[in-house]
Structures are given as C-alpha cells and as structure tokens.
Amino acid sequence: MLSFNIIIVDDHPVVAIALESLLRDHPRVNSISVFSHAETAVKHIVKHEQSRRCIVILDIDMPGVNGLDMLRLLPKGLHRTSPVTMIYTGLKTLETEVNALRAGASGFVTKEVGAEGFLGAFESICNGRSFFSDEAVHIALSGCNNPDQQKIARLTPREYLIAKRLANGESPKDIADSLFISTKTVSAHKSNLLNKLEIDNIAQLINIFQDMH
C-alpha cells in the first residue's frame, strides 16, 4: 500500500490544524507539511518533494497566488514528479469545481463535508482515482464549441485527466509516476483517448486543448 507526504496549503490556521490532526495517524501518510501561502508551498515542493510521492491539499481563496494559479504552476516546476492535488475549499459553486478539474486537480471537496466525506475523497486520490461530482465532469468534458472539442465529452474522467497532462507535455512515465499507476496503464489510456478523439498524435491533442481556452 503506497503512502504519501502530505502538503497542506491553507491560509486559515484552524482549517490547517484540523486537517493535520485528521491525517496525522492515517496509514497512507508519511509526513505532513503545512503552508499558508501558495508561493512558499511551491518552492518547498520543488526543492524537497521532487523524488517523493506527495498529495497537495489546497485551498483556492488565498492571498497572493490562489489555489487555481498554484495548480497551473506545479507541472511547469516539477516535470516528472508533479504532485497529486486535492482542492479543499469553502467555495461551493459548480463553476469553481469545473475550473479546478480543468486546471489539473485530481479531486474537489468543499469544507462543508464532514471528516468521513473528506477521508473518502482522500482515499480515492490515494488509490489513483479522481474525485469530482458527475455534474462537474459532464460540464468539463462537454463544454466545447466545435466538433473536435465535442469529442472530449467521450472521455472518461481518468482519460480526460491524462489527456490534459499529455497536452501539457508530460510523458506517459511522468504521468504514471504522479498518478501512482503503471506506465502500461497510462499508455493504454493514451491509446484509448486518441481513438475516441479520432486523432493520431499528441500534436493534434495539444491543438484541441489550446482551442478550449
């Protein structure tokens, strides 16, 4: 059973302390580091976590660099060892959840859920699965405005996440390392998603994602 270093990024000390207490004795947790600013957390991850498996539990509404901006910064700074990110926020709109999914998060949990709900999402992410509402996934996959982009809606949530990372320039091995799955599994997803999108290569995939923004 894989275990992880946990990075909590939240500018509310009470929330950070509560999360640390909840996860301290969890069997999937090696260590916990807490940061109140996204910039400091990114620097720590780049410097200390690049060779380790880590999960970032991240608030969105923070001063300076917000959580969604931090999500976009992480792959560029970390390359092969991008951490898995779990949004934990007081913002409850579906639009916020969709934006987190599109930005590359692996899961989205609001702060109104209890400990059991949070731990259920955490376990899903530890096991390499994404955690989003069906509504957010549907909007993220179908919110396109041309025939090529509409094909994105054919993808499963996992295929969408892998397609997004491939379009960002990550290799199958990079993605496998960060999602805690095998390179063979990523390659199978890659083959399936290219077939579903009716394209031949990653260059075409990049074009589809560029057209979505």
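1. With which residue does K92 form a salt bridge, and how far apart are the closest N and O atoms? In this predicted model, the partner of K92 is E112, and the closest N and O atoms of the pair are 3.4 Å apart. Because K92 sits in the loop between β4 and α4 (94-103) while E112 sits in the loop between β5 and α5, the pair ties together parts that are 20 residues apart in sequence. Both K92 and E112 are exposed.

2. K196 is partly exposed, with a relative accessible area of 27%, whereas E159, at 4% relative accessibility, counts as buried.

3. R165 forms a salt bridge with E170, the closest N and O atoms lying 3.2 Å apart, and R165 and E170 are both buried.

4. For I55, leaving aside neighbours within four places in sequence, the contacts are F4, N5, I6, I7, V84, F122, I125 and C126.

5. Helix α5 (residues 115-126) has 12 residues that, at 1.5 Å a residue, should span 16 Å, and the end C-alpha atoms are 16 Å apart, which agrees. The buried residues of α5 are F118, A121, F122, S124, I125 and C126, and what covers them includes β1 (4-9), α1 (13-23), β2 (29-35), β3 (54-58), β4 (84-89) and β5 (107-110). After α5 comes G128, whose phi is positive, near 85°.

6. On the cysteines, the structure holds zero disulfides. C54 is buried, with a relative accessible area of 2%, and C126 is likewise buried, with a relative accessible area of 2%.

7. S31 is placed in strand β2 and is partly exposed, with a relative accessible area of 30%. Leaving aside neighbours within four places in sequence, S31 is in contact with F4, N5 and I6, and a polar contact of 3.1 Å joins the side chains of S31 and N5. S31 and I7, which are 24 residues apart in sequence, have C-alpha atoms 8.5 Å apart in space.

Definitions and conventions
Residues numbered from 1 in each chain as written. Predicted model: local features only at pLDDT ≥ 70, side-chain atom pairs only at ≥ 80, totals over all residues. Heavy atoms only, no water. Contact = heavy atoms within 4.5 Å. Helix = DSSP H or I, 4+ residues; strand = E, 2+ residues; numbered from the N terminus. Expected span 1.5 Å × (residues − 1). Buried < 20%, exposed > 50% of the residue type's maximum accessible area, 1.4 Å probe, protein only. Disulfide = S-S within 2.5 Å. Polar contact = N/O pair within 3.5 Å; in protein donor to acceptor, adjacent residues only side chain to side chain. Salt bridge = Lys/Arg side-chain N within 4 Å of Asp/Glu carboxyl O.
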